[in-house]
Amino acid sequence: MAIASQYNAKKVEDKWYDYWMKNNYFHSEVDEREPYTIVIPPPNVTGVLHMGHMLNNTIQDVLVRRARLKGYNACWVPGTDHASIATEAKVVAKLKEEGIDKNDLSREEFLQHAWDWTHKHGGIILQQLKHLGASCDWERTKFTMDDDMSASVIKVFVDLYDKGLIYRGYRMVNWDPQAKTTLSDEEVNYEERNGKLFYLKYKVEGSDDYLTVATTRPETILGDTAICINPNDERFAHLRGKKAIVPICNRSIPIIEDEYVDMEFGTGCLKVTPAHDENDKNLGEKHQLDVIDILNDDATLNSYGLHYEGKDRFVVRAEIVEELELSGNLSKVEDHVNKVGTSERTGAVIEPKLSDQWFLKMKEMAEPAIKAVVGDDINLVPEKFLNTYRHWMENVRDWNISRQLWWGQQIPAYFYGNGKEDFVVAETAELALEKARKVTQNESLQAEDLTQDKDALDTWFSSWLWPMSVFNGILEPENKEIQYYYPTNDLVTAPEILFFWVARMIMAGYEYRGEKPFKNVYLTGIVRDKQRRKMSKSLGNSPDPLGLIEQYGADGVRVGMLLSSPAGNDLMFDEDLCKQGSAFTNKIWNAFRLVKGWEISEETEQPETAKKAIEWYKAKFQLSLREIEDHYSKYRISDALMSTYKLIWDDYCSWFLEMVKPGYGDPIDAVTYSQVIEILEDNLKILHPFMPFVSEEIWQTITERSPEEALIIAKWPAQTSFDETIIKEFAHASEVIAGVRKIRKDKNIAFKNQIELMVMNNENTSSSFDSVISKMGNISSYNYVTEATEGALSFRVRSNEYYIPIVGAIDVDAEKAKIQEELSYTEGFLKSVDKKLSNKRFVDNAPEKVVAIEKAKKADAEAKIEALKASLKNLG
């Protein structure tokens, strides 16, 4: 079979991915083998592949491909998340472009548009993952809005409600005015922003006095229902029991007293707006104050905003300040830095809002999830995230699980009356009617008398069930798949969703199966550019992943992503890493072409050099395999790749093939060739998880193979005992070869010209690699001597002295001058080191490590001087 001179990544990738799919290697069914299960962190159905996905899914694919080779029944479940806020926003925007207002549609009509959009755009990212080589079980692809997935969510809601863990409450929530929905505390990002502190004057009723309050939000004065002072603040004793007049609306509000007020902040007088601040709400409840909500759902002012009605809150802020200044109610304005909450999804500034919402009690559910991670049941890699996890979980607040959206699972609560508490919770409308008839004792109640809650559930309320629901473990808790595949093995995800998703899956796992959902959580870092900036569309610093694959091949990009990606630490991505990965692909391909280009002879006897090379490489392979297995066990995927990379590039390509390669025009003996192929096949097995395409292409080109013999399902190399002595012996031999090559290079001695080599074996080094040294250095005679060889070039390896008699037109005088120059420089360097070490102050005060470095420099310089003097002496 003719082997292409150039590796064609695109052609190879399409060919083998189609072959793997056709032969169903990615698919898993319950059988007698031990399972290895990964569930994909489901990307948003709206999403397209970005660098974070590339990193995350490359790591998952490495783990799952290795598990297949290790003989496990590997199952990697893919899928997407319906991403309620993001998807609804995209659908609303699309409808707007078409001149359709969501509010003019019924829920059913809107959902039809949402499904149409999802069917058209959803799942693009999963198709893109195939270009990366992701070996997911595509037959198991799930979507969080699939019928069975939604049924699981509804069943869990009803169950938790029946257990008293879900409740409906009128609470202060985070309101996203752009998405027009509530958010949980974890979906709010807090950032410091430069703002203003406005000092406003309120007239004290029945007098000419004024009091001053400081606020960052002057637009909310129209919702003020009290002014609060600290009872211990004597400055305001004269205000006790009085009332103040709110500027602009001229409403009279009480002046109340509470120790909550910080006497040192602002003016010591606090405006109380219970509808728009969590702390004000608590004060309002304590002092039974009125609640005036001045904002519409889109953060424009409502009728309580008077002449500002319909205007955006930030527009009003500027205009109301102007009006207050004109009326003499603005005392002064100061620069002020404060923390502003923004929506994790839309970036909009969050409004605190009082609202009837559904909540899940978290404290009780968090306890087993804390124990699991603090104990040994679940490992976080790296461990540095353990304290973050524990802090979050120990301070967990009830989860606001309702969203004012239509795209998502509709909350299964059915109202049968006018009161807030007139509802029942049931999995279906039919069951809800039965419950409502019982509660009301009204058998004439009909389905049309019930109204289902319009809100949808938080997206995370579906994805927290993911490791169970993908195996139908909620609807059928005893089915064979959930019993076999759960708990899963490894979860690979980003640290920023450690609480959003990981912690909640752990809680759900213990609640519904009494055990962990996974054993290990591998937390990837953030992909950043060379300037340490997070890659993002807005910064324009994120390359197109598919463009990278097109340019460097999937294998090259996979290697590039993993070359510097330690768990939990950020990846400083540089396109040169992909270039390096592509160069590695080409190196492997060219090494294979070299081997396949050799003519094989059954008659030729195996030379000693080849025997020794094979013996050495097999030992070196086992040493590297031990390292690689250790790295995998500690989730040091980058290190496992680096060990594989060095073994193949340095040991296999640069040394082993050179050692066994036949002389120019000569055939290779059949015994050596067979063992070279066997070694190559072992290399391909450990390479396959990282570089699946080039490894499968070479594997299938070595010889014709049946689908049962494909590399993807081959057997991972077994760990065996090996002789470490031979590795040390070769390390010494390789230094000798490097010394010979250096002299050849420095003295322009062509490799085709044979040279002699003598060694003064002061170290009593083994002669087992002498044949290899002779071959690799093109040595005509290799002799052991007891005295220095006169008139020879020399070099030292540890204590041994090596001599190469001068051959050809070498200018002895020029060589002596060159050595003398180097000797003078080294002697000068030694003097400066000696001077430093003879300085008692330096030796006594410098760190021990620094002194040790200087001593090492001295020893190296002395050894070099001795070798240079010996070289001069040998040259006569």
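Reader: Before we look at any lining, how are residues sorted into nonpolar, polar and charged?

Author: Ala, Val, Leu, Ile, Met, Phe, Trp, Tyr, Cys and Pro are taken as nonpolar. Asp, Glu, Lys and Arg go down as charged. The others, Gly among them, are polar.

Reader: Okay, so what is the make-up by class of the lining of the largest cavity?

Author: Keep in mind that this is a predicted model. The lining of its largest cavity is built from 16 residues. Sorted by class, they come out as 8 nonpolar, 6 polar and 2 charged.

Reader: Which helix or strand gives the most to that lining?

Author: Four elements each supply at least two lining residues: α22, α23 (770-777), β29 (779-784) and β31 (800-805). The top contributor, with 4 residues, is α22.

Reader: And how much space lies in the largest cavity?

Author: The structure has 4 cavities of 30 Å³ or more. In the largest one, His 732, Thr 765, Ser 766, Asp 770 and Tyr 782 are the lining residues nearest the centre. The space there comes to about 90 Å³.

Reader: Is Phe 461 buried or exposed?

Author: The cut-off for buried is under 20% relative accessible area. Trp 399 has 1%, so Trp 399 is buried. Phe 461 is at 0%, so Phe 461 also counts as buried.

Reader: Why does the pair of Trp 616 and Phe 730 count as tilted?

Author: Planes under 30 degrees apart would be stacked, and over 60 edge-to-face. The ring centres of Trp 616 and Phe 730 are 4.1 Å apart, and because their planes sit at 35 degrees, the pair is tilted.

Reader: Which residue lies over the face of Trp 399?

Author: Trp 399 belongs to a cluster linked by ring pairs, including Phe 157, Tyr 161 and Trp 464. Over its face, at 3.8 Å from the ring centre, lies Arg 504.

Methods. Residues are numbered from 1 along each chain as its sequence is written. This is a predicted model: local features need pLDDT of at least 70, side-chain atom pairs count only at pLDDT 80 or more; totals for chains, interfaces and linings use all residues. Side-chain values use heavy atoms; hydrogens and water are left out. Buried means under 20% relative accessible area, exposed over 50%, partly exposed in between (1.4 Å probe, protein chains only). Rings of Phe, Tyr and Trp (its six-membered ring) pair if their centres lie within 6.5 Å; planes under 30 degrees apart count as stacked, over 60 as edge-to-face and the rest as tilted. A charge sits over a ring if NZ of Lys or CZ of Arg is within 6 Å of the ring centre and within 35 degrees of the ring normal. On a 1 Å grid over the protein atoms alone, a cavity is a set of points where a 1.4 Å probe fits but cannot get out, and a pocket is an open set with protein on both sides within 12 Å along at least five of seven lines; lining residues have an atom within 4 Å of a point. Grid points are joined across faces, edges and corners, and a volume is the space filled by probe spheres set on the points.
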